[in-house]
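Here are some friendly notes to read alongside the model.

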Amino acid sequence: MITVRRIDSEDLPAFLAFPDHPASVRDDIAAYLDKMFTQGAMRQDWCFVLEVQGEITGRLAFWTLPGSKQATDLVLWELPWKETECPSLGAHFLREVFTLMAGNLSEKIGYVLDSPSSSPQWQTNHQEQRNVLEALGFRISRETNRFEWQASNERTGIPSKGTHDLILYRSLPEQSS
C-alpha cells in the first residue's frame, strides 16, 4: 500500500532521518528546517512523507518567502532514486502532494537542483530528479554556475594583480577619472 500524507509532530525525527544521511548532514537539515519554521518560510503542514507498506520511503516539503501564505518551491525532496520503480513513485508522490496542497500553492512552483550537492538540501541523483520533474511538465527556467574560491595551504591570498589580466576591478571613483 502506498500512502502520501502530511507529517505529524511525532514524525519529524523520521522526516529528518530520511534518507540515511551521515549525522552531520541530518543535523544541517534539522537546523535548516528549524530556521525555516521560525522564519515562517516553511510550515509543518507543508511537510510530507511517502510510505510504502507503512515504511517512509520519501519526503518533501514546500518553502515560501517568510510571511507568504502560498508555497512557491519544493525543498528536501528525497526518494530511493536508484530503485527501478522510483520514477513512477516520484511522479505519484508529487501529484498527490500537489492535490493535498490545493489552495496553498502559488501559480508557479520551483525546485532548485544543486549540482554538486550542497547544504541545506544535500540532493543526490540529479538526473533521476530531473527526469521526474520534466515528465510532469516542469521545465528549466535557468541554469547557473556558482563560483567559489578557497585559499589552498600553499597560497593564502587572492592572486596578485597581473596574475589574471582578464578581469580588472575598479572602484567607482577610479572609473570616473
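1. A salt bridge here is a side-chain nitrogen of Lys or Arg within 4 Å of a carboxyl oxygen of Asp or Glu. The model is a predicted one, where local features need pLDDT of at least 70, side-chain atom pairs count only at pLDDT 80 or more, and totals for chains, interfaces and linings use all residues. Residues are numbered from 1 along each chain as its sequence is written, and side-chain values use heavy atoms, with hydrogens and water left out.

2. By this rule there are three salt bridges. R5 pairs with D11 at 2.6 Å, N to O, and E51 pairs with R5 at 2.9 Å, N to O. The latter pair links distant parts of the chain, with E51 in strand β2 (residues 47-52) and R5 in strand β1 (residues 2-6), 46 residues apart; strands are DSSP runs of E, at least two residues, and helices runs of H or I, at least four, numbered from the N terminus. Together, R5, D11 and E51 form a network of salt bridges.

3. How accessible are these residues? Buried means under 20% relative accessible area, exposed over 50%, and partly exposed in between (1.4 Å probe, protein chains only). D11 is buried at 12%, as is E51 at 14%, while R5 is partly exposed at 21%.

4. D45 and R43 also meet in a salt bridge, at 2.8 Å, N to O. D45 is partly exposed at 30%, and R43 is partly exposed at 30%.

5. Now to helix α2: its buried residues are V25, I29, Y32, L33 and M36. They lie on the same side of α2 because they cover an arc of only 95° around the axis, taken from the directions from the helix axis to the C-beta atoms. On the other side, S24, D27 and T38 are exposed. Just after α2, G40 has a positive phi of about 85°.
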